[in-house]
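Good morning, and thank you for coming.

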Amino acid sequence: MMLDFMRSGGVGMWFVLLFGGISLGAALRFALSPDPRRVDAVRDLTRATLFSVAAAVVSGFAAVGSKVPARPEWANSPKIHLIVMEGISESLAGGILGFALLSLTWMVMAVGHRRLARELPVA
């Protein structure tokens, strides 16, 4: 099931998974050992994840836009709207995976920020 999901999103999914996994790992490190110097790194890694999401989604739409008209059996099908709709749903797989990973990353960061606030001395 997960492999089908990854396959449906295309090559860009692997970059989303890679950058999202690295972002989540950095957030976990921050949550386990809060250090304010790590926040910028996590923020930058999540930006890389966000850009990989955009690239995956846009490349998916480009694939649908170029492949559907290029195949006569699809382009001349009375069900072309269904073919395009399926292509659009596959194109959004990168967004689903990426935004889920970004949500988890920043939820973990919230835990780290909470722990950091407890460790800071009260003035």
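This is a predicted model: local features need pLDDT of at least 70, side-chain atom pairs count only at pLDDT 80 or more; totals for chains, interfaces and linings use all residues.

Let us begin with Leu 24. Setting aside the neighbours within four places in sequence, Leu 24 is in contact with Leu 101, Leu 104, Thr 105 and Val 108. Leu 24 belongs to helix 2. Is this residue buried or exposed? Leu 24 has a relative accessible area of 19%, and the limit for a buried residue is under 20%, so Leu 24 counts as buried. For a sense of distance, Leu 120 is 96 residues from Leu 24 along the chain, and the two C-alpha atoms are separated by 24 Å.

I now turn to helix 6. This helix has 27 residues and reaches 39 Å from its first C-alpha to its last, close to the 39 Å expected at 1.5 Å a residue. Among its buried residues are Leu 101, Thr 105 and Val 108, together with Leu 97, Gly 98, Leu 102 and Met 109.

Let us take helix 1, residues 2-9, as the next partner. Helix 1 and helix 6 pack at an angle of about 120°, and their axes are 8 Å apart. Helix 1 is therefore oblique to helix 6. On the side of helix 1, the residues that meet helix 6 are Met 2, Phe 5, Met 6, Ser 8 and Gly 9, and their partners in helix 6 are Ala 93, Ile 96 and Leu 97. Sorted by class, this contact has six nonpolar residues, two polar residues and no charged ones.

The largest nonpolar core has 19 residues, and within it Leu 97 and Met 109 touch the most other members. Helix 2 (12-32), helix 3 (39-70) and helix 6 each give two or more residues to this core. The largest share, seven residues, comes from helix 2. As a general point, nonpolar side chains tend to be buried together in soluble globular proteins.

Helix 3 brings us to Thr 49, which has its place there. Thr 49 is buried, because its relative accessible area is 0%. Apart from neighbours within four places in sequence, Thr 49 is in contact with Val 16, Phe 19, Gly 20, Ser 23, Gly 98 and Leu 102. Ile 22 is 27 residues from Thr 49 along the chain, and their C-alpha atoms are separated by 8.9 Å.

With a relative accessible area of 31%, Arg 115 is partly exposed. Which residues does Arg 115 contact, leaving aside its neighbours within four places in sequence? They are Ala 31, Leu 32, Ser 33 and Pro 34. Trp 14, by comparison, is 101 residues from Arg 115 in sequence and 32 Å away in space, C-alpha to C-alpha.

Thank you for your attention.

Notes:
Residues are numbered from 1 along each chain as its sequence is written. Side-chain values use heavy atoms; hydrogens and water are left out. Axes are lines fitted to C-alpha atoms, for helices over the stretch in contact, and angles run from 0 to 180 degrees between N-to-C directions. Helices (H or I, at least four residues) and strands (E, at least two) are DSSP runs, numbered from the N terminus. Angles under 35 degrees count as roughly parallel, over 145 as roughly antiparallel, 65 to 115 as roughly perpendicular and the rest as oblique. Contact means heavy atoms within 4.5 Å. Ala, Val, Leu, Ile, Met, Phe, Trp, Tyr, Cys and Pro count as nonpolar, Asp, Glu, Lys and Arg as charged, and the others, Gly among them, as polar. A nonpolar core is a set of buried Ala, Val, Leu, Ile, Met, Phe, Trp, Tyr and Cys residues joined through side-chain atoms within 4.5 Å. Buried means under 20% relative accessible area, exposed over 50%, partly exposed in between (1.4 Å probe, protein chains only). The expected span of a helix is 1.5 Å times one less than its number of residues.
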